[in-house]
Amino acid sequence: MSGVSLKGIVKAYGALQVVHGIDLEVQEKEFVVLVGPSGCGKSTTLRMIAGLEEISDGDLTIDGRHVNRVAPKDRDVAMVFQNYALYPHLNVADNIAFGLRIRKESKETIASSVEEVGGILGLTPYLERRPADLSGGQRQRVAMGRAIVRRPKVFLFDEPLSNLDAKLRTQMRAEIKRLHKRLGVTSIYVTHDQVEAMTLADRIVVMHDGRIEQIGSPMELFLNPVNTFVAGFLGSPPMNMVNARIVAGDLGPVAEFGDNKIQLDQVASLQNSVGQDVVLGIRPEFVTVADDTVPHRVSVEVDLIETLGSEALIHASLQGDPFVIRTETVGQMNVLDGISGFTIAPHLIRVFDAKTGVSLPGQAVGQ
Amino acid sequence: MANMNLYSRGDKLFVIVNMVLLGLFTISTLYPFIYIASLSMSTGFEARAGNVILTPVGFTLEAYKQVLSEPQFWISYRNTFIYTIGGVLMSLAFIIPGAYALSRPQLYGRRFWNLAVAFTMWFNAGLIPFFLNMRDLGLLDSYFGIIIGFAVNGFNIILLRNFFEAIPQSFEEAARMDGANEFQVLWKVYMPLSKPAIATVALFCIVSRWNGFFWAMVLLQDEDKIPLQVYLRHVIVELSDDEEFATTLLTSAYSFETVSAAIIVCSIIPILLIYPFLQKYFSKGILLGGVKE
Amino acid sequence: MSTDPDFTGPTTENLVFDAAEAQRRRRGSTLVRIGDHLKREWQLYAMLLPTILWLIIFLYKPMYGLQIAFKDYSIFRGVADSPWIGLEHFNTLFNNDQFLRAVKNTVIISFYSLLFGFPMPILLALMFNEVLNQTFKKSAQTIVYLPHFISSVIIAGIVITAFSPSAGIVNTVLGWLGIDSIYFLTKPEWFRPIFVGTGIWQEAGFQSIVYLAAIAGVSPTLYESAVVDGASRWQMMWKITVPSIMPTIIIMLIIRIGNILEVSFEMIILLYQPATYETADVVNTFIYRQGLQGGQYDFAAAAGLFNAVVAFVLVMTANTISKRYSRTSLW
């Protein structure tokens, strides 16, 4: 199986350690996305897998072979670079063929491979062109062509879409997904864009300060973030964070902040945490807007409503902190004007320890 | 901005005065060349009498005949070609791989190596130790000595290194992932990408080789090995002091002055031929190498 | 908290990594890592090796040879085996009138070159910037850059021919003005003006490139807003262009001052003669005569060492100052 396994992978530059021991098992044919803010060590990790950075400590196995000390060219991996790194002096066909020529493949093999890859990526009409004469999307495709032509065991993508405009990015994202479905090659993809991570990944690895924060499927991470960092990183607009204290109520635990009270889920860990300071994670999408007539609503001061068409973003403030609500517009435009608060189902609130930021155990939203 | 009609009267005057002054400077730069060219095509008698001002007086190519019939002229011309071509190839063979290695971040001791190169630009042992060293190496009076002895130059290395550094590292990485070794990365990717910088360095080398005379004069005694510039110096500088000799050379057809001028013209021509390329690249090159760590 | 059932890897809880442990495991493997590195990157070192060897053989070895400045050097004994004599050569040197004269001449000639030669390229660049006709600008630039690429022998040849007492154009023109022919190159009082003037004629155009590049970096919007404000071109030149390129001017000035000992002695060798030594002889021509022509290698090497050390100090000082000034180093 052509999986990739990282065990305790460390990267240090002298005394400065930037990746603090990564453990990750990438299954065969899986599409794994490493995501995190810049400087979180995701690119460094990818480059260690590629062999472009020496591994300071830990073990890296590709397809069951220990490759820590194997040269990049002998790891049987291919990489798509952020700036594509297309050779400007070579035309598209020669760019794609570069690796095969270096490896001294026969002329016939090279010609047929280039033709096949050109066909797969829709590059056939452009094979004679130089990179400078291509559009951004076409360059991106050539970069992928150069990777797939070698039929590697693993594809590595280093922020491949970040140089494209928004529209093209959406389009190429879909193409990468389709290509992965068709070729079924194990892929590791690095991005700082959580939307890309959500749409592309079988599993997402959220990284922060050289450590893995959480690994899981996109929905898993979206619904059940293990800490406030993951909660704040995934989702757009991000999860609202509200400081509160757990008190006992008639129907189990209740979160209390200011004059407001919200019913929480009847989970053991919450029931046992009465009196504890917590942070409530409330997804902008999970709340139901309410006007003055609704009882038990949490009241907010509405600041601004951005109407985006099918939905609207309500920018409000709650206890002086910004609070964003995302809501449907169709059929409730007249309601939006009178909004003064919201309600939310108890199980959709995520409760984090206020000190550590870690999610209190036992909470789970089913997918 | 370029529309003159939008200018005030003062601005128009300023632009015109500026152009006239610049024109004068340009003419004064050009004039000596025209003067020499005219001199070379004038008769010896007119040249001697100081009658040549702008155009040839009593047009004749006798001086050129005289120059071209001198075997030493051809020997030294040939030698200059050997030193120039050999020297440029030798320089590039050292400088390109050296500059590439110095530009790679993964090179251990990169700062130290770079400093070792830069230091030679700041501190120079001087004429005597260099000469004695060449003598000890047995490189006096040798083609090879001239070609190898001046092959590397810190400025050119740093210029090319800066250019290589400006090429995104991902080109090297992509090529290495494609299976290329460092030599292939340099040969198939970085060199094609650096044509302008390499051309600049090559042109710098060509010019300094073509024009170099001091060390050739010091290191070469054998007349069969001297380059054009040394021969030129012999004729136009040393012999000019010899008024008696100059007078013996005077015939109605050519004089010492016209012959000197003709040799000058002959030796400038190759530089003029590559000058369009020089102009294309040197400003880039200067800026590349000039201001960067 | 729920977890992906397929997921077999460690969870966040056991990812706490002990950095000290990693440090401990890494220690002692330095040699292994250097070995790995060389195995990976030996080709880079192979590329670097010829250049480094060349530098050692042709530039660093002569620095070792500089020790003859403190020795009674004999060709037969060689550099290493010649006996040490301490500072004797330097004593002789600083009591040698010719050497002191050469030092003085070097500084004076450099000073004149700086005084008259430094402003010229700036002026030229400013003037080129004000030319509207691109064809004129291009051809003028083509011409004024040219002399830089002409060898000093040819330049000297042109100077000798032009200033020749019998046939030279300069004396012809003086003749028209009723002035008697002057044999310029034998007159000590004329050497410096001719040398400095030739230098300006040869290099001013080429040196203007640096300033033209600096001017090209000035944002056009500055000029546009000045035009809207009603500024004349003269005013824009002084109020916008000159201040904008001032950092470049200052850096170039610092470099020039740092290189004050660097007089193009090749040109002096070509133009001077015993009659003009009095004003023309500089340190390097002195070394050339004493050492290469006269065979006093050790004595001349001492003069060279003195020159090199002073030059090094000046250049490093200039580099430090300009680094501080511009935050970019010159090399």
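Me: In which helix is B:Leu13 found?
Reply: The model is predicted: local features need pLDDT of at least 70, side-chain atom pairs count only at pLDDT 80 or more, totals for chains, interfaces and linings use all residues, and side-chain values use heavy atoms, leaving out hydrogens and water. Residues are numbered from 1 along each chain as its sequence is written; chains are lettered from A and ligands numbered from 1 in the order written. Helices (H or I, at least four residues) and strands (E, at least two) are DSSP runs numbered from the N terminus. In chain B, residues 9-40 form the helix that holds B:Leu13, namely H1.

Me: Is B:Leu13 buried or exposed?
Reply: Buried is under 20% relative accessible area, exposed over 50%, partly exposed in between (1.4 Å probe, protein chains only). At 57%, B:Leu13 is exposed.

Me: Which strands of chain A stand at the edges of the open sheet?
Reply: Four strands of chain A make this antiparallel sheet in the order S2-S1-S4-S5. Each edge strand has a single partner, so one of its sides is left without a neighbour in the sheet: these are S2 (16-26) and S5 (65-66).

Me: Which residue in S4(A) is the bridge partner of A:Ser5?
Reply: Strands pair if DSSP finds at least two bridges between them. S1 (residues 4-13) and S4 (residues 57-62) of chain A are antiparallel, with five bridges. The partner of A:Ser5 is A:Thr61.

Me: How many residues of strand S12 in chain A are buried?
Reply: S12(A) forms a hairpin with S11(A) and another with S13(A). The strand, residues 252-257, is mostly covered, and of its six residues the buried ones number five.
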